[in-house]
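Notebook open. I want to look up a sheet, a pocket and a cavity in this one.

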Amino acid sequence: MSALEQTSRRGPEDLRLVTGRPVPAPGRGEVLIRVAAAGVNFADISMSYGTFGNGPTPPYLAGLEAVGEVVALGEAVSGPQLGALVIGVGSGAFAEYMVMRAAAAVAVPAGWAAEEALGLVVSYPTALAALKHLGRVRPGETVLIHAAAGATGQAAVKLAKHYGAKIIAAASPAKHDAVRALGADHVLDSRSAELAAEVQKLTGGFGADLVLESAGGATFSVSLAAARRVTGRVVVYGLAGGEAQVTNWQLVYEHPVQLIGLNLGALIQATPQLFGEVMGELFALVGAGVLGPARPTVYALTDGARALESLEKRETAGKLALLCGRPDLR
Ligand SMILES: NC(=O)c1ccc[n+]([C@@H]2O[C@H](COP(=O)([O-])OP(=O)(O)OC[C@H]3O[C@@H](n4cnc5c(N)ncnc54)[C@H](OP(=O)(O)O)[C@@H]3O)[C@@H](O)[C@H]2O)c1
């Protein structure tokens, strides 16, 4: 089969197309899917630089999120059935075939094309958990959402709107219209040096009740300064702009706010019941039409490095997909 292999820790420039690789065999409790489309996530960039926690060592087949048809079952698999269209995570998603845990394979909602389901197992649950299960958003509260035009950010804006929050979104200027169209109340330039002051001004000097922090780097301290003192929550789930520090002195004297870390993999492992609640609520929201099919920007598998580079350069909005085969499933 063909796949994309990451050959170094120099980033997407060393993501290469390889051919003639063996199709993986599903082990016990696993299924093999013929990949229709793979989701491109910021995590793929972190892995390509070796900065993803417990990430793979190069060379490795890249990609973590794929949707496709189940074509083989490992031992002790009672579902999904052969021929089912499922989405899930695993390793080596940027390929024609991929193995995933049967228990974690989620059925694509009826009537959705394969690529429209991308986001259901990564971006959407992250946004929902950050906003509701960990961020405890309440109607009427103000939420600051960084990277609001991104795949996770767009899901967060839609969800925050649904839960009755007032939304302050931050994004690069070229993406502001896309965020406004989703219902954000205020849209700020994510590259502005005045971001914290602008949030303070929009909130009458109180700060945001909840901050969804995925920008990292210099923006991390902006998030702390933009959060409401004492009751404000800052949910940290990404570091696109790099690592940043906060000291105990700052948390006591400068930014007395509630700092919450979120990692979807850890949430699945440490609190499977909570993850079940997140996914249950997610599918209820899909059923109610709050979250509809994704309309990803699609790239050919051979253009995978270009897709990752565009994501890294902050050029993209919404979900990105690599088409890996089976046009009839799209
Ligand atoms: N913890 C978890 O389990 C988990 C799960 C899913 C995603 N995430 C995190 O959530 C974030 C969003 O992921 P995504 O896949 O949906 O990507 P995305 O939001 O579609 O793309 C990343 C966006 O981050 C913004 N950004 C801000 N500072 C940046 C910088 N210095 N470099 C690059 N981008 C920067 C850019 O938006 P603007 O240019 O518009 O500001 C960029 O478009 C990432 O940080 C990712 O690691 C975490």
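Predicted model: local features only at pLDDT ≥ 70, side-chain atom pairs only at ≥ 80, totals over all residues.

Entry 1, pocket. I looked up the second largest pocket and got a volume of about 150 Å³. Its lining counts 15 residues, and Y124, Q154, K158, A294 and K319 lie nearest the centre. Which helices each supply at least two residues of that lining? I found α2 (123-133) and α3 (151-162). The largest share is from α3, with four residues. Sorted by class, I get seven nonpolar, five polar and three charged residues for this pocket.

I searched the whole structure for cavities of 30 Å³ or more and one turned up. The largest cavity holds about 30 Å³ of space. How is its lining made up by class? I noted five nonpolar, three polar and one charged. The residues are Q6, L15, D44, M47, S48, Y60, A62, G63 and L308. Helix α1 (residues 42-49) gives the largest share of them, three residues.

Entry 3, sheet. I traced an open sheet of three strands, ordered β2-β1-β4, with antiparallel pairing. At the edges I have β2 (15-18) and β4 (60-61), each pairing on one side only. Strand β1 (residues 3-6) is joined to β4 by two bridges. Opposite E5 I found L61, which belongs to β4.

How values were computed. Residues numbered from 1 in each chain as written. Heavy atoms only, no water. Pairing = 2+ DSSP bridges. 1 Å grid on protein atoms, 1.4 Å probe; cavity = no way out; pocket = protein on both sides within 12 Å on 5 of 7 lines; lining within 4 Å. Points joined across faces, edges and corners; volume = space filled by probe spheres on them. Nonpolar A, V, L, I, M, F, W, Y, C, P; charged D, E, K, R; others polar.
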